[in-house]
Amino acid sequence: MENIITTERLIIRRYKKEDIQDLFEYLSDIEVVKYEPYKPLTFDETQKNLEWRIGTDEMPAVELKKSNKMIGNVYMGKRDFEAMRLD
């Protein structure tokens, strides 16, 4: 799997199936999603969400190089927010 961006501390990359536990960890946390347009997700909802994330370029994962822990994402789509896309 090709990384999109690497820095001294981070890897920005596409999601993979192995990210399920790390993704659930933050998408199910009420404090993490407090200002997001959705409620905390269940494990089943997170699995469905991960399938979407794997299939899109809009939301790459952010991984800590030192621990290989996926800690979040970056929104790179161009929808209502007028953000830049990777392509």
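**Close-up views of a predicted model**

**View 1. Glu63 is a buried residue, with a relative accessibility of 5%.** Here, buried means under 20% relative accessible area, using a 1.4 Å probe and protein chains only. Glu63 sits in strand β3, which covers residues 61–64; strands are DSSP runs of E with at least two residues, numbered from the N terminus. Beyond its neighbours within four places in sequence, Glu63 is in contact (heavy atoms within 4.5 Å) with residues including Arg9, Arg13, Lys16 and Lys69.

This is a predicted model, so local features need pLDDT of at least 70 and side-chain atom pairs count only at pLDDT 80 or more, while totals for chains, interfaces and linings use all residues. Residues are numbered from 1 along each chain as its sequence is written, and side-chain values use heavy atoms, leaving out hydrogens and water.

**View 2. Helix α1 spans residues 20–27 and has Ile20, Asp22, Leu23, Tyr26 and Leu27 buried.** These buried residues line one face of the helix, because they fall within an arc of 165° seen down the axis of α1. The arc is taken from the directions between the helix axis and the C-beta atoms. Helices are DSSP runs of H or I with at least four residues. The buried residues of α1 pack against α2 (43–54) and β4 (70–73).

**View 3. Leu23, a residue of helix α1, counts as buried at 0% relative accessibility.** Setting aside neighbours within four places in sequence, Leu23 is in contact with Tyr15, Thr46, Asn49, Leu50, Arg53 and Met70. Leu23 and Leu50 are 27 residues apart in sequence, yet 7.7 Å apart in space, C-alpha to C-alpha.

Definitions and conventions:
Buried < 20%, exposed > 50% of the residue type's maximum accessible area, 1.4 Å probe, protein only.
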